[in-house]
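Visitor: I have this model open beside its sequence and would like to talk it through. Could you take my questions as they come?

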Amino acid sequence: AGGMGEYVDVDEMDPEQRFAYRIHEFKIAERENMELQGSLSKYRALRMILTGPPGAGKSRTVRSIAMLRGRRARARAEKDARQKGVSKDLVLKLGQEAARGACLLAAPTGTASFQIKAGATTLHRLFGIPIGSFCANRSTEALARRTRILKASSLISLDEFSMTGRQMLGKIKYRVDEALGAESADVGVLTSMGGKDVMLSGDPDQTAPIGDDSLHREGASKKDGVRGTRDAQGRPKKAPEGSVEAWVLSDSGLAFFHEF
């Protein structure tokens, strides 16, 4: 979704919006300092839930945080480029690319992502999640592209999280770990999602997940098998090679949600 959309300057935010914004400022500075000191393994990635009723200004706050991340990424990229002695045009280009890719925004539906603006897209598109059975990635080209996008980002922000169920969150985590590595020791204390900062935003009292368990449903999943293994007439068909069972994704999604 192109266009920045309506946002608010930090000085114009209410106290709770400003509190969320300041947390991001702190985490950006903390990570940068640890990288400079060579102690990134001690960094604990942000796990934030930004919530409130309709009209609380969640979307504006998310856009403002995205702008903050973009500005900081641009300043750092341009500084690094100047130190390498590259041309002025290349400095500007690298800064623009860093700002554009600093914050990945996604939502469960196209309508929701369009409301966010600021380059947001759907969960399915950003993470390469098909409708139906879920398999390990088979396309090296798609995996390489997703890896480049994820490596360039500092924050993954998932909007309308009430609609994101346990299996869907498990699929997102699977795809990110697939691209960035699930157990990289140098990414920090939390190795899930490649050690990236992650924010869930939305109202938990809004639309529930369709065909999936809510993130607030505790306990081991009782869903067996692989989704999408029946044809239009309801007859069973063979699951694709590399398919991941529903209960594995559901339990993984719940475990990740417990990090917040």
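Visitor: Which element gives the most to the lining of the largest pocket?

Guide: Bearing in mind that this is a predicted model, the element that gives the most to that lining is α2, with 10 residues. Helix α2 covers residues 58–83, and it is joined in the lining by α1 (15–37), α3 (88–101), β2 (103–107), α5 (123–127) and α6 (140–152), each of which supplies at least two residues.

Visitor: What is the volume of the largest pocket, and which residues lie nearest its centre?

Guide: The volume comes to about 1300 Å³. The lining is made of 45 residues, and those nearest the centre are A98, G101, A102, A152 and S153.

Visitor: And how does that lining split by class?

Guide: It has 19 nonpolar, 17 charged and 9 polar residues.

Visitor: OK, on to the sheet. What is the order of the strands?

Guide: The sheet is open and has 5 strands in the order β1-β5-β4-β2-β3, with parallel pairing. At its edges are β1 (47–51) and β3 (121–122), each of which pairs on one side only.

Visitor: Over how many bridges do β2 and β3 pair, and over how many do β2 and β4?

Guide: The pairing of β2 with β3 runs over 2 bridges, while that of β2 with β4 runs over 4 bridges.

Visitor: Which residue in β5 is the bridge partner of S157?

Guide: That partner is M199, and the strands concerned, β4 and β5 (residues 197–202), pair in the parallel sense over 4 bridges.

Visitor: Are the residues on the two faces of β4 buried or exposed?

Guide: In β4, which covers residues 155–158, L155 and S157 on one side are buried, and so are I156 and L158 on the other, which leaves both faces covered. As background, the side chains in a regular strand alternate between the two faces of the sheet.

Visitor: Which residues have the most contacts inside the largest nonpolar core?

Guide: Those are F127, L150, I156, L158, I172 and V176, in a core of 25 residues. The elements that give two or more residues to this core are β2, α5, β4, α7 (166–180), β5 and α8 (246–257), and the largest share, 6 residues, comes from α7. Apart from this core lies another one of 22 residues, including Y21, M48, C103 and A120.

Visitor: Last one, then: where is L92, and is it buried or partly exposed?

Guide: L92 is in helix α3 and is partly exposed, with a relative accessible area of 36%. From L92 to R74 the C-alpha to C-alpha distance is 8.7 Å, with the two residues 18 apart in sequence.

Technical notes:
Residues are numbered from 1 along each chain as its sequence is written. This is a predicted model: local features need pLDDT of at least 70, side-chain atom pairs count only at pLDDT 80 or more; totals for chains, interfaces and linings use all residues. Side-chain values use heavy atoms; hydrogens and water are left out. On a 1 Å grid over the protein atoms alone, a cavity is a set of points where a 1.4 Å probe fits but cannot get out, and a pocket is an open set with protein on both sides within 12 Å along at least five of seven lines; lining residues have an atom within 4 Å of a point. Grid points are joined across faces, edges and corners, and a volume is the space filled by probe spheres set on the points. Ala, Val, Leu, Ile, Met, Phe, Trp, Tyr, Cys and Pro count as nonpolar, Asp, Glu, Lys and Arg as charged, and the others, Gly among them, as polar. Buried means under 20% relative accessible area, exposed over 50%, partly exposed in between (1.4 Å probe, protein chains only). Two strands pair if DSSP finds at least two bridges between them. A nonpolar core is a set of buried Ala, Val, Leu, Ile, Met, Phe, Trp, Tyr and Cys residues joined through side-chain atoms within 4.5 Å.
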